[in-house]
Amino acid sequence: MQLQVINSPFNQEQAELLNRLLPTLTDAQKVWLSGYLAASPFTVLGAANNQGAVLPVQSSDSKAAKEITILYGSQTGNARGLAKKTGKTLEEKGFQVTVSSMNDFKPNNVKKVQNLLIIVSTHGEGEPPDSALTFHEFLHSKRAPKLTDLHFSVLALGDSSYEFFCQTGKEFDSRLEELGGTRLYPRFDCDVDYDEPASEWLEGILGSLSTELEGTSATSASPVAQSTESEYSRSNPFKAEVLENINLNGRGSNKETRHLELSLEGSGLTFEPGDSLGIYPDNDSALVEQLLAELPWIAEETVIVNKQGDALSLQKALTSYFEITVLSKPFLEKVAKLSKIEELQDLLSPGNEEKMKAYIHGRDLLDLVRDFGPWGESAQEFISVLRKIPARLYSIASSLAANPDEVHLTISAVRYDAHGRERKGVCSILTAERLQPGDTLPVFIQQNENFKLPTNPETPIIMVGPGTGVAPFRSFIQEREETGAEGKSWLFFGDQHFVTDFLYQTEWQKWLKEGVLTKVDVAFSRDTDEKVYVQHRMLEQSKELFEWLQEGAHLYICGDEKHMAHDVHHTLLSIIEKEGNMSREQAEAYLAEMQQQKRYQRDVY
Ligand SMILES: Cc1cc2nc3c(=O)[nH]c(=O)nc-3n(C[C@H](O)[C@H](O)[C@H](O)COP(=O)(O)OP(=O)(O)OC[C@H]3O[C@@H](n4cnc5c(N)ncnc54)[C@H](O)[C@@H]3O)c2cc1C
Ligand SMILES: NC(=O)c1ccc[n+]([C@@H]2O[C@H](COP(=O)([O-])OP(=O)(O)OC[C@H]3O[C@@H](n4cnc5c(N)ncnc54)[C@H](OP(=O)(O)O)[C@@H]3O)[C@@H](O)[C@H]2O)c1
Ligand SMILES: Cc1cc2nc3c(=O)[nH]c(=O)nc-3n(C[C@H](O)[C@H](O)[C@H](O)COP(=O)(O)O)c2cc1C
């Protein structure tokens, strides 16, 4: 029978929601719902992004309902941090919580879970983070069990400037529903400034779960708390003083790679090799001036930049608070809605997808304002569609043991021409052109549990890091030197030219001489007619490389995600196939097993 809500006490929106929900219910769910509504006073849930039907949690066993499993899939640490904080908050509210990386969770155990929270980011071009790959693949395979007893909710992390925004979270969400699970709260998709929506999501989860807790008032969640030992964090960055800022490339190089040393003195911030440093950069003041010149409001006009009511001048807001260098489809949609500019609406209409992507590529806010004119009745309305400048992450290139109270970075300057204008990367060019010793930068530590030295100091390590990808390996070797670790180590480094681009050359040579580093292989791509890359060097030494792997070596890749990391991955597969006498499938399983054991780790961007 098709249930339809027509004459009812519900308003139109509620009736529509019910009419969408009711046909999706199984008989068992309908019986449960009618009994539930008849028997219990219940919390009315606030539906947030309307991304699916919502039911309060119910279970015949209230003890089981208090058990919550949080699984996270995280590449650079955000989802992991949120999972830990969510777990802590739920524990404080009386729930029994298990927090685990998807990587450490036996996929088939999902059928034993009753309440599941998934917190997952998206990487690559809409792909799961490495630590979520196995669980994601399992759930999407034929082996995935029916999950009719499961109550779940997904918090998806992403960046709306990517085409496949929060894709992995969306996939988990729809797959869990397909497998029979019931949403206990709708999926939330979070952009780079995720703290507020994550807190809202958690509040919703608590509201939903609270019906199961006797005598516990769990309706108002404390905001997701920042819990680091230092008072400084992503939401309260430390102003680190610049100690040193030098160009590592020699004269005549095509590249500019800055070695930046910052002081962490007095911050209480600590890190381990493999972690990253987050920087909140300012926009280029020259670009802000050009933008202001196109706007009908004065630079000094005051605007409110956030929900907390912080007031800044328009100039300061465009310099230090809002992103002005990236266009994305969701952003254009907001502008089009606010401005009703016809050409913009046309660009966003169905069928113009490719035209829209071509327009966005390489253009910024200044281009948009020049092409379509400013939008909004006031400066306040103009900035209302902008998002906060996202922090930039940099793999830490030093060890605290070797350089107490300091953090070193290796930053490649991003410069290119597009649409007749020279473009400059916000953070890398701030570093390259404006940052002087004595200046300060707002920074925070981003822990990365997915890129760590082996706990056993005798375990061999193989490090593949062309260009700035070499940064964390400087940290690894500094650390191993300090701790006197005796495991073998092998570095593959590559860049354009030997003479100008061998980053930290003298340090590697010193470590090699002293035996801290066992082997170095270099690939200078533009010193020969034919390009030579790190993976070619790996292939040349495939026998020895496979022997190291068989001895239990950990293999690390850092640097460019788009091309290098994929090519090195495929080369590794070929090496394992050839030297291990395996089929391609067996080689893939071998590498997947290494990944599962955290012996194959990547820090790619
Ligand atoms: C975990 C992690 C670790 C990292 N570690 C390092 C590191 O150690 N060293 C390092 O240098 N970087 C590192 N990065 C990258 C770094 O975070 C920044 O992305 C990088 O410095 C660029 O930032 P920016 O502000 O200078 O440039 P942005 O202002 O962010 O501009 C870069 C953007 O410009 C666009 N762009 C670039 N070239 C072109 C082109 N030719 N045409 C059109 N558009 C283009 C692309 O969209 C690109 O994303 C890391 C990233 C992550 C996620
Ligand atoms: N997301 C961002 O905004 C951002 C910002 C900065 C850097 N990055 C990425 O980070 C990378 C690091 O930049 P970088 O300047 O330090 O170095 P890089 O551009 O990665 O170059 C380092 C070396 O790698 C070589 N290389 C190019 N393609 C390769 C491939 N498929 N496999 C193996 N090696 C390859 C380069 O050779 P050739 O150049 O001669 O081909 C060069 O010799 C960049 O490639 C870029 O993609 C991203
Ligand atoms: C190399 C790279 C690729 C990314 N690709 C996507 C993407 O395709 N879609 C998306 O929504 N976000 C993408 N992001 C943004 C991340 O999902 C976002 O920064 C998230 O907060 C990271 O969470 P994590 O630290 O838990 O991995 C990408 C980030 C990086 C560094």
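Two exercises with solutions follow, on a predicted model.

**Exercise 1.** Work out the strand order of the open sheet of five strands, and find which helices pack on the sheet.

*Solution.* 
Step 1. Reading across the sheet, the order is 19-18-17-20-21, with parallel pairing. At the edges sit strand 19 (519-524) and strand 21 (600-604), each of which pairs on one side only. From one strand to the next, the twist averages 10°.

Step 2. Now look at one pair: strand 20 (residues 554-559) is joined to strand 21 by five bridges in the parallel sense. Tyr 556 has Gln 601 of strand 21 as its bridge partner.

Step 3. Helix 16 (residues 471-483) touches strand 17 (461-464), strand 18 (489-495), strand 20 and strand 21, and its direction makes about 150° with that of strand 17. Helix 20 (residues 542-550) touches strand 17, strand 18, strand 19 and strand 20, at about 135° to the direction of strand 18.

**Exercise 2.** Find how many cavities of 30 Å³ or more the whole structure holds, and describe the lining of the largest cavity.

*Solution.* 
Step 1. The search finds one such cavity. The space in the largest cavity is about 110 Å³.

Step 2. List the lining: Gln 75, Asn 103, Asp 130, Ser 131, Asn 450, Gln 595, Lys 598, Tyr 600, Gln 601 and Arg 602. Strand 21 gives the largest share, three residues.

Step 3. Sort the lining by class: one residue is nonpolar, six are polar and three are charged. Notice that Gln 601, the bridge partner of Tyr 556, is also one of the lining residues.

Definitions and conventions: Residues numbered from 1 in each chain as written. Chains lettered and ligands numbered in written order. Predicted model: local features only at pLDDT ≥ 70, side-chain atom pairs only at ≥ 80, totals over all residues. Heavy atoms only, no water. Pairing = 2+ DSSP bridges. Helix = DSSP H or I, 4+ residues; strand = E, 2+ residues; numbered from the N terminus. Axes fitted to C-alpha atoms, helices over the stretch in contact; angles between N-to-C directions. Contact = heavy atoms within 4.5 Å. 1 Å grid on protein atoms, 1.4 Å probe; cavity = no way out; pocket = protein on both sides within 12 Å on 5 of 7 lines; lining within 4 Å. Points joined across faces, edges and corners; volume = space filled by probe spheres on them. Nonpolar A, V, L, I, M, F, W, Y, C, P; charged D, E, K, R; others polar.
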